[in-house]
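Open the model in your viewer and switch to a cartoon view. This tour goes from a sheet to its helices and ends at one residue.

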Amino acid sequence: MVSRVIPVDPFDLVIFGGTGDLARRKILPGLFRRFCAGQMPPEACVVGAARADMDTDGYRAFVGEAIAEFGGDIANDTENLGAFLQRMSYVSIDARGEKGWSELAGLMREGMVRAFYFSVAPGLFGDLAERLNQHGLTDADSRIVVEKPFGRDLATAKELNRDLAAYFDEGQIYRIDHYLGKETVQNLMAVRFGNMLFEPLWNSQYVDHIQITVAETVGVGGRGEYYDKSGAMRDMVQNHLMQLLCLIAMEPPSKFDPDAVRDEKLKVIRALDAVEPHHIVRGQYEAGEEGPSFREEVNDPRSRTESYIAMKIGVSNWRWAGTPFYLRTGKRLKARCSEIHVVFKELNHSIFGEQEDHRNVLSIRLQPNEGMTLGVTIKEPGPGGMRLVDVPLDMSFADALGADGADQTDAYERLIMDVIRGNQTLFMRGDEVEAAWAWTDPIINGWHTRGDVPKTYDSGSEGPVDAVQLLARDTRVWRKVSS
Ligand SMILES: NC(=O)c1ccc[n+]([C@@H]2O[C@H](COP(=O)([O-])OP(=O)(O)OC[C@H]3O[C@@H](n4cnc5c(N)ncnc54)[C@H](OP(=O)(O)O)[C@@H]3O)[C@@H](O)[C@H]2O)c1
């Protein structure tokens with residue numbers, strides 16, 4: 001099987017925050033990978049923009065170092081690297097001042113797709129939008145890419161949407177949730193809507209419950225200050241886990257078209273039940289071999305921010321009423337893994353008179369070892385009569401697809417190419433983000449009103465014991481957190 005790489009149209013991409021952590025680790029190495037793959041056309045130009053005083057040669061050296069550090073295998077491709085760096089330039093600019101804007105205007109070329117990546121703190125999004133407009137840098141076809149977090153509640157998300165809408169149409173705004181750029185996340189849609197097998201069973205008549213787990217082994221590390229104001233609910237659930245839930249729960253869109261897909265996701269978010277306080281478990285990790293405790297890392301011995309959350313969510317629509325979704329995510333857990341488990345109901349009658357619980361489980365692994373497993377029940381081998389045993393039909397995408405399966409394009413590079421193509425399918429629409437905050441806000445406000453204190457859990461464990469109870473009360477169990 002051969003991957004098809006279709007070059008995008010020539011573009012001018014300006015990265016505001018071009019010297020920041022995200023640019024260094026993800027955006028610049030990702031662009032270089034697309035350049036090496038022949039997808040970024042040789043005429044395309046990238047402009048790094050930040051306040052630091054630096055000239056273009058200095059920026060090229062900076063980009064070269066970023067690629068050496070974060071580019072992986074391609075870092076050694078010196079021939080391509082030389083050509084790629086020639087496409088880079090730099091402007092020292094202030095989002096809140098006048099410095100650098102006319103110089104930036106001088107670098108923009110006619111007839112190119114024009115995209116502006118706001119890889120800066122969200123507090124600068126409005127300023128950038130205003131100045132881009134003021135300096136005549138955009139037209140009706142220009143695009144802006146905005147990073148997460150998109151607001152910290154409904155009010156701030158609405159304000160951001162208003163600030164951007166003052167200068168850009170919704171069709172020009174690309175709100176990134178990098179989870180949607182992951183190959184395996186898109187595979188969720190392929191599995192659901194490309195196979196006859198699953199769709200007829202994909203409802204509360206056949207599905208007992210669904211588990212979505214995104215577990216990390218790392219703690220908050222150097223992001224303590226940011227994370228203590230955010231917590232797992234804002235940092236992970238409101239966006240990444242919500243997007244996974246939407247892809248699993250949504251109705252089939254009429255076609256694979258940005259608005260058709262996003263309309264269906266929005267309907268799911270609007271159908272989410274308010275979550276009862278006793279259906280949520282919040283946790284904070286303790287110190288362990290892996291490092292200091294959460295409270296030490298955020299430098300606040302009384303922090304009530306959660307580094308772990310588990311919750312039971314109901315989706316009140318015809319397809320899902322009665323089938324709970326259990327979500328959990330946390331830091332410093334036993335293993336790093338992102339998995340979705342669709343647990344089917346027990347047979348309503350066993351002709352074998354079996355007492356044991358046998359049920360089909362479809363597990364989709366987003367990372368690591370991307371793949372799918374379908375748990376099926378067969379006869380236990382041997383002459384001992386008709387006894388049943390559960391076995392996995394196990395598929396790793398890398399094994400099944402060979403070299404192409406192993407060639408996982410990073411989420412950021414895929415999404416940037418989609419911006420240039422003008423395809424918004426994998427980006428969040430303004431109303432989607434607002435609906436997600438409208439569901440999230442009462443949950444967070446409830447914790448503050450009640451003075452909710454997170455439960456502690458051991459570093460390297462599967463999370464607080466209360467999370468086990470959350471499912472045990474429903475006579476269910478979490479799938480193991482393992483890599
Ligand atoms: N890092 C990640 O892994 C990650 C992941 C997800 C989302 N994000 C989001 O991506 C955005 C960037 O994050 P980051 O980690 O790259 O931040 P960062 O390392 O702090 O970089 C911020 C960048 O913005 C520039 N900047 C700051 N003030 C400016 C101004 N007034 N005018 C022009 N440029 C200015 C900085 O350069 P100067 O100081 O020289 O101006 C720097 O290049 C944030 O919204 C963040 O939430 C980051």
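Two strands count as paired if DSSP finds at least two bridges between them. Keep in mind that this is a predicted model.

**Stop 1: the sheet.** Select the strands from β7 to β15. Nine strands form an open sheet with mixed pairing. Follow the order β14-β13-β12-β11-β7-β10-β9-β8-β15. Which strands stand at the edges? They are β14 (388-396) and β15 (455-457). Each has a single partner strand, so one side of each is left without a neighbour in the sheet.

Stop 2: Select 308-313 and 325-330. These are β9 and β10, paired in the antiparallel sense over six bridges. Show side chains for K312 and Y326: K312 stands opposite Y326, which belongs to β10.

**Stop 3: the helices.** Next, select 465-472, helix α15. Helix α15 packs on the sheet and touches β7, β8 (280-285), β9, β10 and β15. Its direction makes about 10 degrees with that of β9.

**Stop 4: L388.** Go back to β14, where L388 sits. Is L388 buried or exposed? Its relative accessible area is 15%, and buried means under 20%, so L388 is buried. Beyond residues up to four places away in sequence, L388 touches F352, E354, H358, T377, I378, K379 and E380.

Note on methods. Residues numbered from 1 in each chain as written. Predicted model: local features only at pLDDT ≥ 70, side-chain atom pairs only at ≥ 80, totals over all residues. Heavy atoms only, no water. Helix = DSSP H or I, 4+ residues; strand = E, 2+ residues; numbered from the N terminus. Contact = heavy atoms within 4.5 Å. Axes fitted to C-alpha atoms, helices over the stretch in contact; angles between N-to-C directions. Buried < 20%, exposed > 50% of the residue type's maximum accessible area, 1.4 Å probe, protein only.
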